[in-house]
Amino acid sequence: MKPIKNPGEPLALWSGQDRISDNIHNSVTAIIRSGGCSWNRCRICQYRHERFTGIERPELIRLMSSQVNHLKNLVEKNNPEVVKVYTSGSFFDPVEVPDEIQSQVVNLVKGRILIVESRCDYINKEKLSGYVENIKGDRDKGEIFVAIGLETTSDEIREKCIDKGLLYSDYKKTAELIHKAGGKVKTYLLHKPPYLTEAEACEDMVRSIREITPVTDLISMNPCTVQRNTHLETLWKRQAYRPPYLWTVASIIAQSKPHVTCDPIGGGQARGPHNCASCDGVILDAIRDYNLSADQELMKSVMEMDCNCKKEWEYVMNQEKPWAMPLTR
Ligand code: SF4
Ligand SMILES: [Zn+2]
């Protein structure tokens, strides 16, 4: 195995802006290399490969602590209201992120909004309540959003197309637990996992957004991107998968009642959500604007635009046939 370059530095660290509860906040985001996702099997996920392997626990703690210090320096320099810490897995899994590191992050974000991601299995009410108390800080301003990768409200799609190992009922129970512990819930949805037609994937998101609206505080929809070394990449190379059209992404946002943030990673490229080369840029810019402004009229006006590829998209939406997935062996 190749040695990891700069293991004491975060995989990525940047500043930006985020819209939360109708306010636009300055934010800092860190992607921290961890012990790695314990589930480690979703068909679409490359992040699970970004982990430390073959090191003892004290070394894991040392390297993660060093990454958190880089984050600390940027937080002190920029003084953001929001700090997002992603670990390519679950922040609350103590095997992946040792308790010492979890506390270190909570302490450094005191008095601000912390967003971390975790699978439902590791979210424990007592522990989360302790962190929620601790993060409030002197001005009682700090809070924790726990992001859950629900991906879809359909158990069939989540199991057959993604292999996520999570039930919708467990997500709902966990969301309730997070609220009881004083935290808030952010939900990730995955637009167009493999084996769905463009129209099925669109319906799946429209329904999922509607169903989770009463359960979650924030919704983020990720249009699927073909990541390297994934089952999805194998399908894509065999021409058995196409990422979603940006027309579909825009149409979902234009019709969703709550504000749904959307980060079309790889937008306009063959591996990411795309239309034709000529209209991608305009739609991507509109989505980025909408993320901060929540201006739905903007997304509606995108859907009124014309381009040579729009007819192709309409044809695909109407004519694409589902692939057969056996229910039994
Ligand atoms: S999507 Fe999340 S749960 Fe699934 S393998 Fe990747 S990191 Fe683990
Ligand atoms: Zn076009």
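Predicted model: local features only at pLDDT ≥ 70, side-chain atom pairs only at ≥ 80, totals over all residues.
Helix H9 passes helix H10 in a left-handed crossing.

H9 covers residues 280–293 and H10 covers residues 296–304. Their axes come within 9 Å of each other and cross at roughly 165°. Angles over 145 degrees count as roughly antiparallel, so H9 is roughly antiparallel to H10.

Which residues make the contact between H9 and H10? From H9 they are Ile283, Ala286, Asp289 and Tyr290. H10 supplies Leu298, Met299 and Val302. By class, the residues of this contact are 6 nonpolar and 1 charged, with no polar ones.

Now the chain as a whole. Its secondary structure comes to 11 helices and 8 strands. Along the principal axes, the C-alpha trace spans about 55 × 45 × 40 Å. How does the radius of gyration of the chain compare with that of a compact globule? For 329 residues, a compact globule would have a radius of gyration near 20 Å. The chain has 20 Å, so the two agree.

To go back to where I began: H9 and H10 are roughly antiparallel, and the crossing is left-handed.

Conventions:
Residues numbered from 1 in each chain as written. Chains lettered and ligands numbered in written order. Axes fitted to C-alpha atoms, helices over the stretch in contact; angles between N-to-C directions. Helix = DSSP H or I, 4+ residues; strand = E, 2+ residues; numbered from the N terminus. Parallel < 35°, antiparallel > 145°, perpendicular 65-115°, else oblique. Left-handed = near helix turned anticlockwise from the far one by under 90°. Contact = placed C-beta atoms within 7 Å. Nonpolar A, V, L, I, M, F, W, Y, C, P; charged D, E, K, R; others polar. Rg over C-alpha atoms; globule rule 2.2 N^0.38 Å.
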